[in-house]
Amino acid sequence: MKDIIKYITIVASLLVMISCDKGESVGPSQINTETPALSELDIWIRNNFIGPYNIDIQYKWNENEVDLNRFLYPPTEENVQPLLEVVQAVWIEPYTQLGGENFIRNIAPRQFTLVGGFNFNQTGTITLGIAEAGTKITLFNVDQLDLSDLTLTRRYFQTIQHEYAHILNQTRPYNPDYGNVNPEDYTAQWFNRSDAEARELGYITAYASSEEQEDFAEMVATMLTTSKTEFDAIVDLIASDDAKAFIRTKEQFVAQYFTDEFGIDIYELQELVNQNTLDIIN
Amino acid sequence: MIIKALKKIWFLSLLLVFFSCSNDDSEELFNETPSTRIDQRISELQNLLLASPDGYRAIYFTKDDEYGGFTFYMKFNSDGTVEMTSDVDSETAITSSRYDVKMGTTTELVFSTRNHIHKVSDSNIPGLIGSGYEGNSNFMYIKNEGGNITFIEPRNEAVIIFEPVNAGDWANVNTSLARRSSLLPSVTSSVFQGLTIEDASGNKKVYNIDYDSLRLFINATNQAEDGTVTEISYGIAYTTDGLVASPPIEIDGTSYETFIFNETSMSYISTVGGNTATIGFLDEPPFITNDVLDIGVDFSTFLYRPSLGANPLTSLGFDAIIDQINTGVAPFGLSMFEFRVIIDLEGADGDTFLQIRLVDNTGAGLNIFYDMRPSVMDKKLFFEYIAPVGGNSIFLESQMQPLIDFLINTQGLYYTTTGNFQTFINTAGTFVNADDTSQRVYGLWL
């Protein structure tokens with residue numbers, strides 16, 4: 001009985017091994033790897049974003065890139081390039097000019113997703129843009145962007161400056177003392193404050209009063225969407241001397257951070273961005 | 001004992017190895033590799049889209065338990081562009097955008113840059129903020145039947161069929177768009193709308209319809225003699241010839257889907273096996289409530305004061321009456337501030353009257369009075385005219401005639417209680433002129 005079992009075992013093992021040996025080599029790929037047809041816009045994006053900076057621009061509809069519970073649509077094709085030209089002018093060019101040719105190449109989100117419509121929240125507010133993990137930025141309302149309106153255009157591109165500040169922070173952390181300037185009024189209910197109320201507490205915007213990282217990003221974004229004169233005017237309008245001092249201290253932290261970590265003078269950057277923005281509006 | 005059992009198991013498992021090896025794995029369910037089959041399916045749909053030289057028409061009901069549908073005309077080109085128009089709004093110019101045919105959940109058609117179809121996924125439509133019509137940009141390819149291509153939209157499982165059209169059909173987009181006004185109230189249209197089902201022997205069943213012209217959605221309710229209420233809801237999409245209902249209207253085993261517009265009766269008619277369904281304006285309400293019996297019992301003074309705010313329940317036909325009165329008294333520097341109808345069914349002459357207050361631009365003014373005699377018959381309220389009371393009332397009688405005619409018409413008035421008046425605790429109600437159902441007034445009881 002034992003022998004029989006052994007014998008059967010050997011035969012079975014052989015069968016298993018032999019059946020595995022097909023002896024054929026791997027053939028060519030079965031998957032279609034042809035380059036899809038590229039439109040003029042696609043080629044422009046390749047030459048201006050993908051090629052030089054390794055940043056992909058998703059303007060065609062892909063439901064997996066957006067929240068399925070929202071009702072959104074892709075942008076009108078004609079609106080994509082004008083928007084991207086502004087992205088170049090107010091973000092890529094100033095940083096490249098001051099930080100060097102490889103600045104944006106080394107530190108940048110890897111993907112921009114463009115959406116044509118409004119992203120309405122449950123509360124009735126509208127989200128203009130979101131950033132995920134420092135690698136993907138989604139911009140909404142592409143079809144509603146009016147490049148002749150300075151306030152709206154600045155508010156729109158504040159999103160990019162804000163998110164990029166986060167990405168910079170993730171690469172080089174800022175001085176942790178920043179969080180000790182005025183931590184007492186940070187709140188998760190920041191949206192119940194107006195910008196003016198937040199400023200009287202020593203935060204540049206309402207969102208800045210949510211927590212220190214957002215505070216830092218909002219400081220950078222506000223500085224990069226105003227001229228130096230306009231920024232000073234905002235601070236001078238604040239009634240509370242303490243609040244003014246808090247914001248000025250934080251401004252110094254931000255300026256120090258840009259000089260120490262990247263060798264960039266933030267005021268030069270501010271002027272460049274401001275000039276480029278004004279050029280677009282006019 | 002255990003070893004014996006183990007041996008048995010060992011032996012049995014070896015047998016299993018043999019049998020499993022003898023499985024017929026040479027049988028091929030598909031001749032091609034998965035990637036080739038995916039590619040084939042993609043080219044199949046791509047070729048189908050290009051097959052109709054003048055494009056396709058599709059009626060897209062985004063979510064037919066909440067909204068109606070819209071018609072789209074689409075012409076697909078081999079360079080990845082699609083030209084499109086639609087009757088979603090008055091901008092019907094043909095625009096071009098991109099489309100993709102790709103493998104998603106299944107083979108999908110994606111409208112990848114903005115065009116007419118995205119108007120139904122725009123969440124910024126006044127009245128529909130945050131949701132829009134809940135449409136989508138992706139459509140799953142299901143089947144092709146003689147050139148008609150069926151898709152399913154994954155979010156709401158809406159079925160959309162692309163039908164080939166001729167170049168001349170594209171202009172019909174303006175016809176279907178223009179139909180949108182056909183069910184909207186006008187100065188002369190009746191305030192009653194209904195869905196009437198009539199069988200071959202002439203038996204009628206009338207549903208009162210509540211038409212939401214923004215959502216293109218209809219709620220139809222029927223109250224039977226025994227009080228049972230049945231309700232049917234459906235979305236509609238206007239077509240070149242009439243309209244289609246989705247889901248189809250199922251009544252007594254008959255399904256009505258396609259309606260043809262009848263110019264004479266200004267209504268939409270669907271005929272199925274000798275039965276007809278008609279959607280349109282009605283000369284009388286499908287059902288008369290007993291609310292009129294509360295007059296003089298629960299309330300007796302009806303007030304209409306335009307400055308309290310407009311309400312869609314006051315019809316354009318009634319607005320025209322007020323306009324007429326205001327034009328009539330304008331030469332005296334006056335306009336109508338309000339009118340009251342004081343009703344006392346048990347009282348003597350002089351207890352029931354119409355009181356109108358006319359004011360000048362400082363707010364100062366005068367009250368004028370017209371005595372009437374009330375009665376209730378066939379669930380309707382009737383007034384018999386007696387006479388004006390006082391000099392001013394006599395002097396202004398001809399100017400007040402449109403309102404007096406509204407009240408004292410020979411067919412009477414339909415009355416319905418409609419809950420509370422705006423944010424007040426007062427009961428609200430409407431009167432409709434049974435002789436001319438385009439006239440309805442909404443007011444409150446004091």
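**Note on the two-chain model**

1. In chain A, four strands make an open sheet, ordered β1-β2-β6-β5, and the pairing is mixed. Its edge strands are β1 (56-58) and β5 (129-132) of chain A, each of which pairs on one side only. From one strand to the next, the twist averages 15°. Strands here are DSSP runs (E, at least two residues) and helices likewise (H or I, at least four), numbered from the N terminus; two strands pair if DSSP finds at least two bridges between them.

2. This is a predicted model, in which local features need pLDDT of at least 70 and side-chain atom pairs count only at pLDDT 80 or more, while totals for chains, interfaces and linings use all residues. Residues are numbered from 1 along each chain as its sequence is written, and chains are lettered from A and ligands numbered from 1 in the order in which they are written.

3. Within the chain A sheet, strand β2 (residues 111-114) and strand β6 (residues 136-139) run parallel and are joined by four bridges. Gln111(A) stands opposite Lys136(A) of β6(A). Strands of a sheet pair through backbone hydrogen bonds, either parallel or antiparallel.

4. Also in chain A, helix α7 (residues 212-223) and helix α9 (residues 241-262) cross at roughly 85°, and their axes come within 10 Å. Axes are lines fitted to C-alpha atoms, for helices over the stretch in contact, and angles run from 0 to 180 degrees between N-to-C directions. Met219(A), Val220(A) and Met223(A) of α7(A) meet Lys250(A), Glu251(A) and Val254(A) of α9(A). Contact requires C-beta atoms, placed from the backbone, to lie within 7 Å. The contact residues divide into four nonpolar, no polar and two charged. Ala, Val, Leu, Ile, Met, Phe, Trp, Tyr, Cys and Pro count as nonpolar, Asp, Glu, Lys and Arg as charged, and the others, Gly among them, as polar.

5. Chain B is divided into domain 1 (34-179), domain 2 (184-282) and domain 3 (291-445); these bounds come from an automatic or database domain assignment. The C-alpha centres of domain 1 and domain 3 of chain B lie 52 Å apart.

6. Chain B has a closed barrel of eight strands, β9-β10-β11-β12-β13-β14-β15-β16, with antiparallel pairing. Its twist averages 25° from one strand to the next. Strands β13 (residues 242-251) and β14 (residues 254-262) of chain B pair in the antiparallel sense over six bridges. Glu250(B) has Ser255(B) in β14(B) as its bridge partner.

7. Helix α4 (residues 316-329) and helix α6 (residues 397-408) of chain B pack at about 155°, with axes 7 Å apart, and are therefore roughly antiparallel to each other. Residues in the contact include Ile321(B) and Ile325(B) of α4(B) and Leu403(B) and Phe406(B) of α6(B). The contact of α4(B) with α6(B) divides into seven nonpolar, three polar and no charged residues.

8. Between the chains, the contact takes 31 residues from chain B and 27 residues from chain A. On the chain B side, α1 (2-21), α2 (34-51), β4 (95-103) and β5 (107-111) each supply at least two residues. The largest share, six residues, comes from α1(B). The chain B side divides into nine nonpolar, 16 polar and six charged residues.

Definitions and conventions. Two residues are in contact if their C-beta atoms, placed from the backbone, lie within 7 Å. Angles under 35 degrees count as roughly parallel, over 145 as roughly antiparallel, 65 to 115 as roughly perpendicular and the rest as oblique.
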